[in-house]
Amino acid sequence: MSVDCEAGSSQYGTTAAMPVSAVPFTISCWLRFETTVGMGIVGLYDTATENNYHYLGLQNASGIKAASTAGGTEAAAQHATAVSTGVWYHPCATFDITTGTDRAIFLDGAGKVTSTTNRAAAGLDTFAIGRIHKLTPSNYFDGMIAHLAV
């Protein structure tokens, strides 16, 4: 079963009930894009600031990324595989900031890409699906999400 989200609409979800309280954690799901502009897919955010979060997102059509921000500077592991609309993808993002400041992204079970720049986000208080949920929410997801696991 999947959920169809439309960019720029109210088709997203947020909750203060965090699925995890700290790193390490993994985000895995199935995705089908309806557009390929930059967007947030799912993540953990500090809603009191623009500058602290861990999320799975899309960097335009150029690839899916696992990104972390602390203090305003993003570090991302971005998969180099370009994505298209109408195709199902299976990304898996791992966040293990406690041991080596690592983020990794796998796409369709292959091609591990990592980032080891220290970006240990703090103050995380909101879990969001379908947008980047910072102080000013943005980058709404446009597509289908299925079998999400955190």
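A disulfide is a pair of cysteine sulfur atoms within 2.5 Å. By this criterion the structure holds 0 disulfides. The structure is a predicted model, in which local features need pLDDT of at least 70 and side-chain atom pairs count only at pLDDT 80 or more, while totals for chains, interfaces and linings use all residues. Residues are numbered from 1 along each chain as its sequence is written, and side-chain values use heavy atoms, with hydrogens and water left out.

The pLDDT, which is the predictor's confidence in each residue from 0 to 100, averages 88 over the protein, and 97% of the residues score at least 70. Helices (H or I, at least four residues) and strands (E, at least two) are DSSP runs, numbered from the N terminus. Confidence is lowest in strand β1 (residues 2–5), with a mean of 85, and highest in strand β8 (residues 88–89), at 97.

Cys5 is buried (under 20% relative accessible area, against over 50% for exposed and in between for partly exposed; 1.4 Å probe, protein chains only), with a value of 4%. Cys29 is buried as well, with a relative accessible area of 0%.

A nonpolar core is a set of buried Ala, Val, Leu, Ile, Met, Phe, Trp, Tyr and Cys residues joined through side-chain atoms within 4.5 Å. The largest such core has 26 residues, of which Leu31, Phe33, Ile41, Leu56, Ile64 and Phe141 touch the most other members. Two or more residues each come from β3 (25–33), β4 (39–45), β5 (52–58), β6 (64–70), β9 (91–96) and β10 (102–107). The largest share, 5 residues, is that of β3. Another core, of 6 residues, lies apart from it and includes Tyr45, Tyr53, Ala67 and Ala128.

In β5, 7 of the 7 residues are buried. Asn52, His54, Leu56 and Leu58 point one way from this strand, and Tyr53, Tyr55 and Gly57 point the other way. Strands pair if DSSP finds at least two bridges between them. β5 pairs with β4 in the antiparallel sense over 6 bridges, and Gly40 stands opposite Gly57. These two strands form a hairpin with 6 residues between them. β5 and β6 also run antiparallel, joined by 7 bridges, with Ser68 of β6 as the bridge partner of His54.
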